[in-house]
2 protein chains.
Amino acid sequence: MSADLSRLSLNTATTKHLTLAQAVEAAAAAGLGAVGPWRDRVQEAGVEKAARLISEAGLRVSSLCRGGFLTAADDAAAAAALEDNRLAIREAATLGTHELILVVGGLPAGSRDLVATRQRVADRIGELAPYAAEHGVRLVVEALHPMFAADRAVVSTLGQALDLAAPFDPDVVGVVVDTYHVWWDPQLRESIARAGAEGRIASYQVCDWVLPLAAEPLNSRGHVGDGFVDFESITRWVAEAGYAGDVEVEIFHEEVWAAPAERTLATMADRYARHVLPYL
Amino acid sequence: MSADLSRLSLNTATTKHLTLAQAVEAAAAAGLGAVGPWRDRVQEAGVEKAARLISEAGLRVSSLCRGGFLTAADDAAAAAALEDNRLAIREAATLGTHELILVVGGLPAGSRDLVATRQRVADRIGELAPYAAEHGVRLVVEALHPMFAADRAVVSTLGQALDLAAPFDPDVVGVVVDTYHVWWDPQLRESIARAGAEGRIASYQVCDWVLPLAAEPLNSRGHVGDGFVDFESITRWVAEAGYAGDVEVEIFHEEVWAAPAERTLATMADRYARHVLPYL
């Protein structure tokens with residue numbers, strides 16, 4: 001008997017070279033319940049058509065990746081970033097997903113001031129929140145692994161993401177638990193419990209920490225079970241925190257991208273069934 | 001007028017290819033106040049002779065690098081690790097330094113259980129603490145950057161290091177603030193203040209976070225000022241926390257290792273004078 005894959009979602013970055021239509025077809029054929037599209041693939045298809053494609057395949061949209069990059073120090077770049085995030089909010093609404101993932105951005109060029117940069121992120125989330133609320137979309141702050149603090153995200157822990165979200169309605173600003181980014185955190189169990197108690201867990205994303213790191217460390221994310229992440233414990237904590245949503249597999253890895261999509265989906269389903277589903 | 005380098009210390013890993021005698025000579029010639037030797041260079045010289053070499057050059061020993069690797073799951077490996085740490089404690093005492101840096105070790109082969117591994121570290125620090133106290137040596141828990149959590153150190157934040165140290169006399173178990181490992185931490189300011197209030201700051205180590213990461217990420221540590229670390233803020237926090245000890249420069253980087261020692265020491269002194277000393 002095959003496993004229940006109804007909560008399993010394909011993040012389209014995992015099948016980087018597929019169009020949205022192809023990714024949707026692969027996910028549906030593998031029996032998944034949802035997809036988590038990236039905006040480039042959505043825009044390529046056209047947002048309305050993307051929404052149709054996904055719903056006609058009988059799939060949910062677990063989240064939209066991604067808005068963010070809110071750390072610019074100059075006004076023009078900041079205004080452009082806010083504008084792009086408003087577009088992302090409208091795209092999420094059209095796709096029928098409640099969850100817009102935000103990668104907040106790194107230090108602006110020439111700056112070493114993490115404290116001020118983090119404050120800008122807080123301020124700009126505040127600027128976007130009313131617009132997100134109007135559109136029924138939640139801004140989902142993603143903590144990235146601290147090795148990306150300089151260049152991609154000055155939000156480095158789940159606890160910090162929750163502190164950023166705290167001033168806002170949990171239905172408007174939430175957080176994502178991405179195992180790759182947070183698995184090492186000694187405060188992880190407490191932070192997941194807090195996120196659940198506050199009603200802020202918007203997404204659970206799974207992939208593994210594998211070594212050695214790739215030359216581009218961003219592309220070191222491996223299939224669940226291939227690395228060092230304790231999926232049993234983390235999944236239990238997420239479940240105990242009351243999360244009942246989709247589980248997205250988001251892998252950036254040259255070898256996974258080079259593999260046939262069918263094989264990638266089969267591996268995803270197998271690993272999910274063995275390492276995640278039993279503890280959900 | 002040249003800067004006061006009396007608190008500047010050369011960690012011998014920065015001049016990896018020098019013998020201890022050569023490193024001591026280079027540090028003294030550059031006007032530094034101290035060296036922080038690694039055990040391999042000390043053992044190569046002989047511990048008694050190493051102590052003499054350093055004191056005859058008019059230098060202090062700011063710390064000894066390093067003990068630790070306390071995470072083994074099997075009894076024989078655990079016993080061997082404890083034995084090696086007792087040797088390191090005696091070496092530190094002979095060298096006349098109070099501070100023995102510990103890199104605690106990563107997940108043991110085949111394990112994904114961070115919680116249990118971290119508990120073993122706590123237990124083994126407990127086993128070593130009385131021996132360290134007898135010898136007048138402090139066990140200095142080093143938090144390593146979270147990208148090393150799997151393979152080198154399951155202690156990933158200064159706060160976690162302080163929690164590990166908490167059950168012990170601050171004169172017996174302390175922590176080190178190494179900018180490379182902790183610069184990204186949103187709780188850094190609070191953790192440094194706590195470390196100071198508890199009297200546990202045993203060492204301040206400086207080097208910079210540079211990108212891209214080296215193929216061996218361990219060797220990505222750059223000269224102060226070459227990367228993203230906010231030395232002004234962190235140094236102020238360390239000073240405000242009451243730290244009055246040495247500032248060790250510990251750089252692992254192929255290019256730095258390939259440079260002539262004189263040039264490395266000159267760069268160290270210049271960067272210290274510009275980016276650290278004004279805020280100490």
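**Two chains, a few residues up close**

Me: Is A:F69 buried, exposed or partly exposed?
Reply: Its relative accessible area comes to 32%. Buried means under 20% relative accessible area and exposed over 50%, with partly exposed in between (1.4 Å probe, protein chains only). A:F69 therefore counts as partly exposed.

Me: Good start! What should I know about the model and its numbering?
Reply: This is a predicted model, where local features need pLDDT of at least 70 and side-chain atom pairs count only at pLDDT 80 or more, while totals for chains, interfaces and linings use all residues; side-chain values use heavy atoms, leaving out hydrogens and water. Chains are lettered from A and ligands numbered from 1 in the order in which they are written, and residues are numbered along each chain as its sequence is written, starting from 1.

Me: What is the phi of A:F69, and where does the residue sit?
Reply: A:F69 is not a glycine, yet its phi is positive, at about 50 degrees. Helices (H or I, at least four residues) and strands (E, at least two) are DSSP runs, numbered from the N terminus. On that numbering, A:F69 is in the loop between strand 4 (64-68) and helix 4 (75-95) of chain A.

Me: What is the radius of gyration of chain A?
Reply: Chain A has eleven helices and eleven strands. For its 280 residues the globule rule gives 19 Å, and the computed value is close to that, so chain A is as compact as a globular protein of that length. The rule is 2.2 Å times the number of residues to the power 0.38, and the radius is taken over C-alpha atoms. For chain A, the radius of gyration is 18 Å.

Me: Which backbone oxygen lies 3.4 Å from a polar side-chain atom of A:R200?
Reply: A:R200 is in the loop between helix 8 (188-197) and strand 8 (201-206) of chain A, and its 5% relative accessibility makes it buried. Contact means heavy atoms within 4.5 Å, and the residues that A:R200 touches include A:R138, A:D169 and A:A166. The backbone oxygen at 3.4 Å belongs to A:A166.

Me: In chain B, how far is the C-alpha atom of B:L139 from that of B:G67?
Reply: B:L139 belongs to strand 6 (residues 138-142) of chain B and is buried, with a relative accessible area of 1%. Among its contacts are B:I89, B:L100 and B:V172. B:L139 and B:G67 are 72 residues apart along the chain, and their C-alpha atoms are separated by 8.5 Å.

Me: What is omega for the cis peptide bond from A:L211 to A:P212?
Reply: A:P212 is in the loop between strand 9 (208-209) and strand 10 (221-222) of chain A. The bond from A:L211 to A:P212 is cis, and omega is about -5 degrees.

Key: A polar contact is a pair of N or O atoms within 3.5 Å; within protein, one must be able to donate a hydrogen and the other to accept it, and residues adjacent in sequence count only if both atoms are side-chain atoms. Lists of a residue's contacts leave out its neighbours within four places in sequence.
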